[in-house]
Amino acid sequence: MNCNVANVWMHDYLDGELPRDDIALLQDHLRSCSGCMARFEQLERTEAMVFRTIEAAVPDAGYDAKASRRLNERILSQLPPAPRQVRPKTLRYLYRYPGLAVAAVFVLVMLGSFLAMWQQDTKLVVSGEDLEHVIIQGNNVIVPAGTRVDGNLIVENGSADVQGEVNGNVTVIDGKINLASTGHIIGQSRTISQALDWFWYKVTETFNDIAS
C-alpha cells in the first residue's frame, strides 16, 4: 500500500466506513510508515477536538426552556401590578343607559345654543296674534288706553306699557311690564330676565309650536 491510498483510507476509517479487511491492511501500513502514523494520530486528535467542541456548543434544549421560563417568571414577579382603570361613576351610568346619554347630549347642545342666542340677541322683537293697535316707541311697546289686543303679547328686549286691555298673556323677556291704572291684562303677565327661565320658555314654546 502506498501512502496516498493510506491517506484516503485514514479518513474512511475515522468515518467508520472502511471495510474490516482494509482496516487490517491500513494498520499494517501504519506500523511500517512513521509518516503516515504521525498523520493518522494528528487526524485522530483533530477529530476528537472537533467532537468535544461540538458537544460543548450544543445546548440542552430542555434546560434552556426551563431556564427561560424561570427567568420570565422572575421578571414578571418583580414588576409592579398594572393599575386597574376604573371608569368614573357617571361614565359607567352613561355606558349602561346609552339612551340617557343621547338625551343628555341633546339637552346640553340645546342649552348651549339657547345660551348663545340669549347673549347675542338684543334686538327688540314683538310678537302676538293681534298687533294692530300696538305702538312701538324705541324699545317700548305700548298698548294705548282705550284699545284692546286679542291674544298673547310677547316682547323681547324691551318693555311693555299696557294702558289698554290685553285679552291674553303678556310676556316680556329681558325687560319689564308697566301696567297703567287704565290697563288690564286678562291672562297672565310674566317677565323673564334669567337665562335659565328664558331657556325653558324657548323649549316650551318650541314644543308648543310643534304640537300646534
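Me: Which residues does the UniProt annotation "domain: Putative zinc-finger" cover?
Reply: The annotation, from an unreviewed UniProt entry, covers residues 9-36; such annotations may be inferred rather than shown by experiment. This is a predicted model, in which local features need pLDDT of at least 70, side-chain atom pairs count only at pLDDT 80 or more, and totals for chains, interfaces and linings use all residues. Residues are numbered from 1 along each chain as its sequence is written, and side-chain values use heavy atoms, leaving out hydrogens and water.

Me: How much of residues 9-36 is helix, and how much strand?
Reply: The chain there is 79% helix and 0% strand, where helices (H or I, at least four residues) and strands (E, at least two) are DSSP runs numbered from the N terminus. The end C-alpha atoms of residues 9-36 are 11 Å apart.

Me: Which residues of α2 are buried?
Reply: Leu26, His29 and Leu30 are the buried ones, buried being under 20% relative accessible area, exposed over 50% and partly exposed in between (1.4 Å probe, protein chains only). They lie on the same side of α2, because they cover an arc of only 100° around the axis, taken from the directions from the helix axis to the C-beta atoms.

Me: What does the face turned away carry?
Reply: That face of α2 carries the exposed residues Arg20, Asp21, Arg31 and Ser32.

Me: Changing topic: where is Asn157 found, and is it buried or exposed?
Reply: Asn157 is in the loop between β5 (153-156) and β6 (159-162). Asn157 is buried, with a relative accessible area of 12%. Its phi is positive, about 65°, although Asn157 is not a glycine.
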